[in-house]
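This report describes the confidence, helix packing and nonpolar core of one protein. The sequence and structure are shown first.

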Amino acid sequence: MAQYRTQVRIIADVLSTARDMNTEGTGVGVTTLLRKGNMSYTRMSKLLSELVGSGLLLELSGEKISKYRISDRGMQFLAAYSNFEDFASSFGLRL
């Protein structure tokens, strides 16, 4: 049986991708986030707006495309999520 990701897990996946794939420091494009996030463009667009609005991602607007970079607040979110994931795992629970 397939296990579905929770909304928080999806957010963590997108933030992790923005952190890990930003090797040149210029941000990550939507296509990369779509491939790694495994979700539709419509859903990703809505999520990116929410993450930028909450300060977890920074939007770097170019002439034609926007790129995204994880913010300090996003890094704090990932650290807290990782700690809670470990805590839940110690009880045999999966997030």
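Among the elements of this predicted model, mean pLDDT is lowest in helix H2 and highest in helix H4. The two helices are set out below.

| Element | Residues | Mean pLDDT |
|---|---|---|
| Helix H2 (lowest) | 30–37 | 89 |
| Helix H4 (highest) | 72–90 | 96 |

For the protein, the mean pLDDT is 91, and 98% of residues reach 70 or more.

Helix packing is considered next. Helix H1 (residues 7–20) and helix H3 (residues 41–53) have axes that come within 12 Å and cross at roughly 80 degrees. Because angles of 65 to 115 degrees count as roughly perpendicular, H1 and H3 are therefore assigned to that class. On the H1 side, the contact is formed by Gln-7, Ile-10, Ile-11, Val-14 and Leu-15; H3 contributes Arg-43, Met-44, Leu-47, Leu-48, Glu-50 and Leu-51. By class, this contact comprises 8 nonpolar, 1 polar and 2 charged residues.

The largest nonpolar core contains 21 residues. Val-14, Leu-15, Leu-33, Leu-48, Leu-51 and Leu-57 have the most contacts inside this core. At least two core residues come from each of H1, H2, H3, strand E3 (66–70) and H4, with H1 supplying the largest share, 6 residues.

Which residues does Leu-57 contact, leaving aside its neighbours within four places in sequence? Its partners are Val-14, Leu-15, Ala-18, Leu-48, Leu-51, Val-52, Tyr-68, Arg-69, Ile-70 and Ser-71.

Conventions. Residues are numbered from 1 along each chain as its sequence is written. This is a predicted model: local features need pLDDT of at least 70, side-chain atom pairs count only at pLDDT 80 or more; totals for chains, interfaces and linings use all residues. Side-chain values use heavy atoms; hydrogens and water are left out. pLDDT is the predictor's confidence in each residue, from 0 to 100. Helices (H or I, at least four residues) and strands (E, at least two) are DSSP runs, numbered from the N terminus. Axes are lines fitted to C-alpha atoms, for helices over the stretch in contact, and angles run from 0 to 180 degrees between N-to-C directions. Angles under 35 degrees count as roughly parallel, over 145 as roughly antiparallel, 65 to 115 as roughly perpendicular and the rest as oblique. Contact means heavy atoms within 4.5 Å. Ala, Val, Leu, Ile, Met, Phe, Trp, Tyr, Cys and Pro count as nonpolar, Asp, Glu, Lys and Arg as charged, and the others, Gly among them, as polar. A nonpolar core is a set of buried Ala, Val, Leu, Ile, Met, Phe, Trp, Tyr and Cys residues joined through side-chain atoms within 4.5 Å. Buried means under 20% relative accessible area, exposed over 50%, partly exposed in between (1.4 Å probe, protein chains only).
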